[in-house]
Amino acid sequence: MIEIRGLSFSYGKTKVFRNFDLSIPEGQVCLITGINGVGKSTLLRLMAGVLRPDQGEIRYDARLGADPRRKLGFVSDALSLYESMSVAEAIGFHKSVYGLSSFDDSLVRHTKISYSQKIRELSVGQRTILHLNLILSLEPEVLLVDEIIHSIDAYLRRIFLEQIVQILSKRRLTVVMVNVNFHDIEHLIERVILLKSGEITVDENIEDLKAKVKRINARNRPESLNILSRIDYSDHSEFFIYPFNEGLRGAIEGDIFDLNLTEIVSAFIGGEYA
Amino acid sequence: MVELEGPPQIIIDAKSAVPVYEQIKRAIKLAILSGRLKDGEQLTTLREMALKLMVNPNTIIKVYGQLENEGFIYSRPGAGHYVRLDPAKFIQSKHELFREVSQDYISKALQLGYSAEQILREVAVLTNIGIPTARRKDKGND
């Protein structure tokens, strides 16, 4: 459980969050999305304890103990690895810092990373995988995943996601992802949160969201429906609407289409840019 | 007709508002009702299914749980899930599925302007059965 209450945070004079609340139950896989610069990564850094709130608090499940950060894995681009160490030394260092007796290299094993390679010789994707492997060795209860997974190739991304599925099928793990590209994580996500100007504008479980956001192809603007965004063609328009409910189906003149998560988020975000 | 065997190919339509658990459930049901998955056969494990389809393991837990409640499969604690075929239930579910498929076909054909008689005749031709009246007419046309 992550409980954010009355959070305020600014970068200098730029207010990012003001009196912000959010609660994420234990074991939920949650996606935070929104346009660039809306504060998604800032929120994740606040949750990870890398940034301190100006006001308000972020509370974690008491079960995580006095030092919740130990049970919190933050996968970000700020990798705290010593460049001059070899992979073997980095793993050894990690083991001694956290007092681990063994190290399961299930992720690194799947890559072409050699133990004698220096950290500085690794690609961004390889570093991310190594970093994730180090994090997972601490058996985190919460995994915070920043947009960094965009920078790794399709194969490593698959390895990364498979590892998360492996853990989810064994035990409870709360996952909070920040993302704008979803095709391969779409079916892992249980809840979608859309941020706009430091506030939550959409907070739905994935099934409800898919039922409520539709594209309507019609010649005329459908009446009495909330339109998120639209695309006009010479002979018709595409209207993205929210919230839709099945009771409206008969009254709508036009064809109604379901959308995938990428299209749904684009519809919301498109509306913000319009 | 070639009889398909082995685990069904499950394709999730990410665009569909039909929940993912429902899509997977339908695919497994179809595999059972079409005889592709046989009585007593073991289903792909929860973990493997989640990995293969890259879906949240909770979704697969829901699918298997519902299939179990509906009497299509049973679980052995710690040893996986297995197909169970109750003959009466099998016939009923199969018929329900047939109705669903037929409804879809018929409504599309009606939309195209075909009458019930024409649809019936077409079905007879397509399935190579033929019905007496249709056959007589065919001969007349020759």
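# Notebook: chains A and B

**Entry 1. Chain B in outline.** I read chain B along its sequence and noted the pattern α-α-α-β-β-α-α-α. I recorded 6 helices and 2 strands in this chain. The model I am consulting is a predicted one. I looked up burial next: of the 142 residues in chain B, 19% are buried. I then turned to contacts in chain B with a separation of 6 or more, and found that 49% of them join residues 24 or more positions apart.

**Entry 2. One residue of chain B.** I located B:Gln66 in helix α3 of chain B.

**Entry 3. Where the chains meet.** I noted that 17 residues of chain B are in contact with 17 residues of chain A. Which elements of chain B give two or more residues to the side that touches chain A? I found α2 (46–53) and α3 (57–69) of chain B. The largest share comes from α2(B), with 5 residues. Sorted by class, this side of chain B has 12 nonpolar, 3 polar and 2 charged residues.

**Entry 4. A helix pair across the two chains.** I followed α2(B) to α4(A) and looked up how the two helices pack. Their axes come within 10 Å and cross at roughly 155°. I therefore describe α4(A) as roughly antiparallel to α2(B), since angles over 145 degrees count as such. The crossing of α4(A) past α2(B) is right-handed. On the chain A side, the contact is made by A:Glu162, A:Val165 and A:Ser169 of α4(A), and on the chain B side by B:Leu46, B:Arg47, B:Ala50 and B:Leu51 of α2(B). By class I recorded 4 nonpolar, 1 polar and 2 charged residues in the contact of α4(A) with α2(B).

**Entry 5. A helix pair within chain A.** I then looked up α4(A) with a partner in its own chain. Helix α3 (residues 124–136) and helix α4 (residues 154–170) of chain A have axes that come within 10 Å and cross at roughly 10°. Why do I call α3(A) roughly parallel to α4(A)? I do so because the crossing angle of the two helices is roughly 10°, and angles under 35 degrees count as roughly parallel. The crossing of α3(A) and α4(A) is left-handed. From α3(A), the residues in contact are A:Gly125, A:Ile129, A:Leu132 and A:Leu136, and from α4(A) they are A:Leu156, A:Ile159, A:Phe160 and A:Gln163. I counted 6 nonpolar and 2 polar residues in the contact of α3(A) with α4(A), and no charged ones.

Entry 6. I looked up the largest nonpolar core and found 96 residues in it. Which residues have the most contacts inside that core? They are A:Leu144, A:Val175 and A:Val176. I set aside residues up to four places away in sequence and listed what A:Leu144 touches: A:Leu44, A:Met47, A:Ala48, A:Leu72, A:Gly73, A:Phe74, A:Val75 and A:Val176. I checked helix α1 (residues 40–48) of chain A, which is mostly covered, with 7 of its 9 residues buried. After α1(A) comes A:Gly49, which has a positive phi near 85°.

**Entry 7. Backbone exceptions in chain A.** As a reminder to myself, most residues other than glycine have a negative phi, and most peptide bonds are trans.

- I found a positive phi of about 50° at A:Asn19, which is not a glycine. A:Asn19 lies in strand β2 (residues 14–24) of chain A. I list A:Asn19 as exposed, because 12 other C-beta atoms lie within 10 Å.
- I found a positive phi near 50° at A:Glu139 too. A:Glu139 lies in the loop between α3 and β6 (142–145) of chain A, and is partly exposed, with 14 other C-beta atoms within 10 Å.
- I found a cis peptide bond between A:Tyr242 and A:Pro243, with omega about 0°. A:Pro243 has its place in the loop between β12 (237–241) and β13 (255–257) of chain A.

Conventions. Residues are numbered from 1 along each chain as its sequence is written. Chains are lettered from A and ligands numbered from 1 in the order in which they are written. This is a predicted model: local features need pLDDT of at least 70, side-chain atom pairs count only at pLDDT 80 or more; totals for chains, interfaces and linings use all residues. Axes are lines fitted to C-alpha atoms, for helices over the stretch in contact, and angles run from 0 to 180 degrees between N-to-C directions. Helices (H or I, at least four residues) and strands (E, at least two) are DSSP runs, numbered from the N terminus. Angles under 35 degrees count as roughly parallel, over 145 as roughly antiparallel, 65 to 115 as roughly perpendicular and the rest as oblique. A crossing is left-handed if the near helix is turned anticlockwise from the far one by less than a right angle, and right-handed if clockwise. Two residues are in contact if their C-beta atoms, placed from the backbone, lie within 7 Å. Ala, Val, Leu, Ile, Met, Phe, Trp, Tyr, Cys and Pro count as nonpolar, Asp, Glu, Lys and Arg as charged, and the others, Gly among them, as polar. A nonpolar core is a set of buried Ala, Val, Leu, Ile, Met, Phe, Trp, Tyr and Cys residues joined through C-beta atoms within 7 Å. A residue is buried if 20 or more other C-beta atoms lie within 10 Å of its own, exposed if 12 or fewer, and partly exposed in between; C-beta atoms are placed from the backbone.
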